[in-house]
Structures are given as C-alpha cells and as structure tokens.
Amino acid sequence: MQKILARIGPGMMLAAVAVGVSHLVYSTQAGANYGLSLFWVILVISLLKYPAFRLAVDYTNATGTSLVTAYAKISKIALAWLVVGFFVDMFIATSAVALVTAGLFISVFDLSYSNIQIAIALMVISAIILLNGQYKKSERIVKILVLAFSLLTIIAMIFSLPLLGSDDRAIFAELTPSRSLSIFVIAIAGWMPMPTNGALLFSKWVCEKRAIEGDKFDSAAALSDFRLGYTLTVVLAMCFIVMGTGVLFDTGRIAPSRPPEFAAELFTIFTTTIGQWSYPVIAAAGIAVMWSTLIALMDVMPRLTDRLAGIITGRPREASSRYTQFSIVQVIGVSVILLFFMKSFTAFLYFATSVGLIAAPAIGYYNYIAVTSDEVSSTYVPKRGIILWNWLGVIVMTAFAIAFLYTRIFEL
C-alpha cells in the first residue's frame with residue numbers, strides 16, 4: 001500500500017483542485033434543484049474535457065516540460081491566454097475556494113468572525129505551510145486528505161441510494177427551458193469536473209514529481225496517475241449529485257447560496273445518509289478536502305506564474321525560483337479581491353466558472369498544437385481517436401462559450 005501511495009501524486013493534486021467548489025457546490029445543487037436530470041450533463045462534460053488533459057500528459061511525457069513552455073513556443077496569443085487563465089486561477093478561483101473553505105470552518109466551529117476574515121487567515125496559514133516544503137509537502141498532505149474524503153463520499157452515496165424516490169418523491173425534474181437553467185448548465189460546463197486549465201496545472205505537477213522521483217515516475221506512471229485522478233473526480237461528482245437528489249430534491253429544502261449555510265446543509269446530507277454519529281468525521285473530512293484544494297492551488301500557481309513571468313521577461317530557466325515572492329503576491333491579491341470586490345458569493349462563483357468555460361476551447365486547441373509539434377516524437381503523439389475526441393470537445397465547449405456570451409449580452 002505504501003508503495004502504491006508513493007507512486008501516485010499529481011493525480012491526487014488534480015483531484016484536490018477538482019473536488020472542491022465544483023463538486024461540493026455545483027454537483028450538490030444540481031441534485032438538490034434538478035434531481036438526477038443533469039446527471040448526464042455532468043458525465044458528458046467530463047468526458048468531453050478528458051482529451052485536453054490527456055494531451056497535456058502526453059506533451060509533458062515527451063518533453064519533460066510543462067505546457068507553459070509549449071504555449072510560449074506556439075504564439076503570443078497562446079501566451080496571452082495563459083496570462084488571463086493564470087490570473088483567474090491565482091486570484092479569482094483561489095478566492096472562491098478560500099470562501100467555501102472558510103464557510104466550512106465557520107459552520108463546524110461556530111466562529112464569530114466573518115467569512116472573509118477566516119478566508120484570509122486560511123490563505124496566510126496555507127502559504128506559511130507551503131513555504132516550508134512546497135510540492136513534496138503539499139502532495140503528502142493532499143494524498144491522504146483526498147483519499148480519505150473520497151472513501152467517505154462513496155460510502156455516503158451508497159447510504160443515500162435508498163432515499164432516492166422515498167416518500168413518493170420524484171428523482172427527475174421536469175426541465176423547462178429558462179434563463180436560470182441555462183446559466184446553471186453553463187456554469188456546470190465551466191467547472192465540471194474541473195476547469196480545462198487544470199491540464200496546465202497537472203503538467204507542472206508531473207514535472208515536480210519527476211524532479212523528486214526521477215525514473216521511478218516514468219511516462220506510464222504519469223499516465224496511470226492521471227487516469228486515476230481524473231476518474232476519481234468524475235465518480236465523486238456523480239456521488240454528490242446522487243446525494244443532493246436523495247436528501248434535498250423535492251423536499252422543499254433549498255441549498256443555501258452563502259458559504260456558512262451551504263456548509264451546514266452539506267454536512268446535513270452526510271449525517272442524514274450515514275447517521276448523526278458521523279458528523280465529527282464528516283466535518284473533519286469536509287474541511288480537509290476543501291483545504292487540500294486551497295493548498296493545491298497555492299502550491300502550483302505561484303510556481304507556474306514564476307515560470308510564465310520568466311518566459312515573458314527572458315529570465316533563464318535555471319535561475320533561482322521566485323516562488324516565495326509570487327506566493328506573497330497571491331495572498332495579497334486574493335485578500336484585496338475578498339475585501340473590496342466580492343459582493344455576491346453566487347455571482348462570484350458563476351464568474352469564475354464562466355471564465356474557465358470561455359478558456360476551455362482555446363486550451364483544448366493549444367494542447368493539440370503542442371502535442372503535435374515537431375518537438376514531440378511520434379511515440380507520444382496520441383492516436384487519431386483521441387485527436388478527434390479532443391476536436392469534438394473543442395467544438396462543444398465553443399458552443400457553450402458562445403451560449404454564455406449570448407446570455408450575458410441578452411442580460412445587458
């Protein structure tokens with residue numbers, strides 16, 4: 001068991017980033033508001049995004065470098081996409097994760113401080129932890145937390161199955177085309193099972209893992225690790241929509257939008273399905289998985305941003321890391337957003353997910369360009385089926401992005 005745990009890593013970091021706001025918030029709300037009617041939407045979106053991540057693994061296996069290097073070689077436009085995407089992940093997405101994590105802390109410990117105050121405190125604490133160890137320490141922490149939470153989630157989902165359709169309740173909603181439904185589906189497409197720019201994060205984690213493990217973490221190990229992490233994110237998304245349906249759908253209860261209240265409702269889902277005795281375990285696991293998401297983001301974004309800044313300024317690759325400086329910039333930037341620009345938590349989440357949605361087609365396209373470039377040997381170029389699968393994802397995600405822009409323009 002210890003050998004197996006030692007061989008995995010980036011996949012669990014990927015799962016940590018995914019099993020956060022997207023799963024705990026959107027999957028649960030999908031079940032609570034629409035029953036199992038959106039089950040297929042989450043599944044299809046997850047399948048359509050898979051090739052973009054797979055191409056990232058193939059590129060890193062072939063070159064030993066992250067996609068940041070690839071995008072820099074493709075074009076200035078590709079590099080501009082990175083700048084925008086990194087800004088969203090480093091500040092906006094991290095802010096959303098910090099808020100949800102803070103909501104869990106407030107709910108469990110009945111804290112009298114505001115959600116924003118707790119979120120900033122968690123950011124500072126996480127940064128201090130990471131500055132003393134960086135990737136190796138964050139991977140060790142995240143692996144344990146994600147695996148423990150995953151086991152508890154699957155158990156809770158199994159216990160919730162008898163609740164489906166209980167008391168003569170329906171399990172499917174009668175979906176009527178509406179603006180609110182469209183916006184929610186678009187949000188799901190943006191961040192389920194995670195934003196497509198997670199492919200760039202994974203490529204960097206593979207590089208970090210190789211720097212530690214060397215040949216022990218070869219191409220086959222990296223691909224297996226990715227498949228494990230991605231499959232886990234999809235399975236857990238399905239678990240949360242089933243639990244949301246079994247506990248909340250057609251009961252008159254509404255999933256709250258504010259983080260502390262939503263956290264309390266989330267814990268109720270687990271205790272309803274497993275039993276009140278499980279609250280301490282579930283509370284600890286919930287905090288653990290959201291905090292692991294925050295740690296994973298704060299681990300990778302300063303290093304990716306450092307690399308991006310180095311490419312833009314012509315800084316040598318072998319130069320000393322500026323991880324600490326960019327970590328401080330991240331904490332300050334997120335704090336400013338939370339203090340001065342965060343008015344509505346729900347609107348904030350929709351904005352973060354929607355930006356990820358708009359970037360998804362470009363990332364799928366640029367990952368294809370990277371993996372089919374001259375620097376990638378034919379051994380690592382994906383088969384035709386994966387390439388066509390990726391193009392299908394690009395086309396569908398482009399349609400979602402256009403739909404999102406249309407809804408925004410129509411709103412104005």
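Let's start with Lys204, which is buried, with a relative accessible area of 13%; buried here means under 20%, exposed over 50% and partly exposed in between, using a 1.4 Å probe on protein chains only. Before I go on, this is a predicted model, where local features need pLDDT of at least 70, side-chain atom pairs count only at pLDDT 80 or more, and totals for chains, interfaces and linings use all residues. Residues are numbered from 1 along each chain as its sequence is written, and side-chain values use heavy atoms, with hydrogens and water left out.

Okay, back to that lysine. Lys204 sits in helix α10, residues 198-213; helices are DSSP runs of H or I with at least four residues, strands are runs of E with at least two, and both are numbered from the N terminus. If you skip residues up to four places away in sequence, Lys204 touches Ser66, Val300, Arg303 and Leu304, where contact means heavy atoms within 4.5 Å.

Now Leu304 turns up again. It is one of the α13 residues, along with Arg307, Leu308 and Ile311, that meet Val68, Thr69 and Ala72 of α5. Helix α5 is residues 67-74 and helix α13 is residues 279-313, and they pack at about 30° with axes 10 Å apart. Those axes are lines fitted to C-alpha atoms, for helices over the stretch in contact, and the angles run from 0 to 180 degrees between N-to-C directions. So α5 and α13 are roughly parallel; the cut-offs are under 35 degrees for roughly parallel, over 145 for roughly antiparallel, 65 to 115 for roughly perpendicular, and oblique for the rest.

Zoom in on Thr69 of α5. Thr69 is buried too, with a relative accessible area of 8%. Leaving out neighbours within four places in sequence, Thr69 contacts Tyr59, Arg307, Ile311 and Arg317.

What does α13 do with α14? These two pack at about 115°, with their axes 8 Å apart, and α13 passes α14 in a right-handed crossing. Right-handed means the near helix is turned clockwise from the far one by less than a right angle, and left-handed means anticlockwise.

The axes of α6 and α14, residues 323-340, come within 9 Å and cross at roughly 65°, which makes α6 roughly perpendicular to α14.

Next, the core. The largest nonpolar core has 138 residues, and Leu38, Tyr71, Phe226 and Phe270 touch the most other members. A nonpolar core is a set of buried Ala, Val, Leu, Ile, Met, Phe, Trp, Tyr and Cys residues joined through side-chain atoms within 4.5 Å. Helix α6, residues 76-109, gives the most to this core, with 18 residues. Beyond four places in sequence, Phe226 touches Leu14, Tyr50, Phe53, Arg54, Val57 and Phe202.

Last, the whole chain: 16 helices and 0 strands, with buried residues making up 58% of the 412.
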